[in-house]
Amino acid sequence: GLGTIGKKTARLAQAFGMTVHYYDTARLREETEDALNVRFRLYRELLRTSDIVSLHVPLNASTKGLLGEAELALMKPTAFLINTARGDAVDEAALIRALQQKRIAGAALDNFQVEPLPADSPLWQLDNVILTPHMIGHTKDVFASFGKAGEDNILAILRGEAPPICKNPEVMPAFQARLQRL
């Protein structure tokens, strides 16, 4: 994804001399790609050719399991995966197999399908994995944005819309039906 976080990541990668390719469901206009110095690639092509794959997607029906067994098989054995998006965007069992079998070089993860990561998860035992807590929420900028984000969510719900920031949108229909009964 090349939304706000993806664009920031692209700028940081470029500061380290990296060439940035991206895949997103909504391709940027060519002049925007030029301004950001990024190039669009089809998803499978991006996986086959990238040295580092960094996921920046919300969790929804189209992104759940976005990176599974077939997609991991496309990646180079020297490639690294970074997932700071959502745990369910990656098939964790398939990722563990790929890491154990050295089908990819490594992974850096700060979120998991079950959080906190269970003590018996094989991820703890792998030497080609970096595990960190999902800590983006602990910055001054994020704390400063909470009020506005909460307001935006409440107003959307009162209008009968899905809130713009929602970790589990699948519960919204039941929540909104309940709200209507109040």
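These legends accompany close-up views of one predicted model.

**View 1. Tyr22 and Phe40, an edge-to-face aromatic pair.** A search of the whole structure finds three aromatic pairs. In the pair shown here, the ring centres of Tyr22 and Phe40 are 5.5 Å apart and the planes stand at 75 degrees, so the arrangement is edge-to-face. Tyr22 belongs to strand β1 (residues 20-22) and Phe40 to strand β2 (residues 38-40), so the pair ties together parts that are 18 residues apart in sequence. Both Tyr22 and Phe40 are buried.

**View 2. Tyr23 and Tyr43, a tilted aromatic pair.** The distance between the ring centres of Tyr23 and Tyr43 is 5.5 Å, with 45 degrees between the planes. Tyr23 sits in the loop between β1 and α2 (30-36), and Tyr43 sits in helix α3 (residues 43-49); the pair thus links distant parts of the chain, 20 residues apart. Tyr23 has a relative accessibility of 30% and counts as partly exposed, whereas Tyr43, at 17%, counts as buried. Tyr22, Tyr23, Phe40 and Tyr43 form one aromatic cluster.

**View 3. Glu33 and its contacts in the chain.** Glu33 is part of helix α2. The relative accessibility of Glu33 is 2%, so this residue counts as buried. When neighbours within four places in sequence are left aside, Glu33 is in contact with Tyr22, Arg27, Leu28, Val38, Arg39 and Phe40. Among these contacts are Tyr22 and Phe40, the two residues of the edge-to-face pair.

**View 4. The two faces of strand β4 (residues 80-83).** Side chains alternate along this strand.

**View 5. Strand β4 beside strand β3 (residues 52-55).** β3 and β4 run parallel and are joined by four bridges. Together with helix α4 (residues 69-74), β3 and β4 make a right-handed β-α-β unit.

**View 6. Strand β4 beside strand β5 (residues 106-109).** Four bridges join β4 to β5, and these strands run parallel. Phe80 stands opposite Gly106 in β5. From β4 the chain passes through helix α5 (residues 92-100) to β5, and this β-α-β crossover is right-handed.

Definitions and conventions
Residues numbered from 1 in each chain as written. Predicted model: local features only at pLDDT ≥ 70, side-chain atom pairs only at ≥ 80, totals over all residues. Heavy atoms only, no water. Phe/Tyr/Trp six-rings, centres within 6.5 Å; stacked < 30°, edge-to-face > 60°. Buried < 20%, exposed > 50% of the residue type's maximum accessible area, 1.4 Å probe, protein only. Contact = heavy atoms within 4.5 Å. Pairing = 2+ DSSP bridges. Right-handed = clockwise from strand over helix to strand, strands pointing away.
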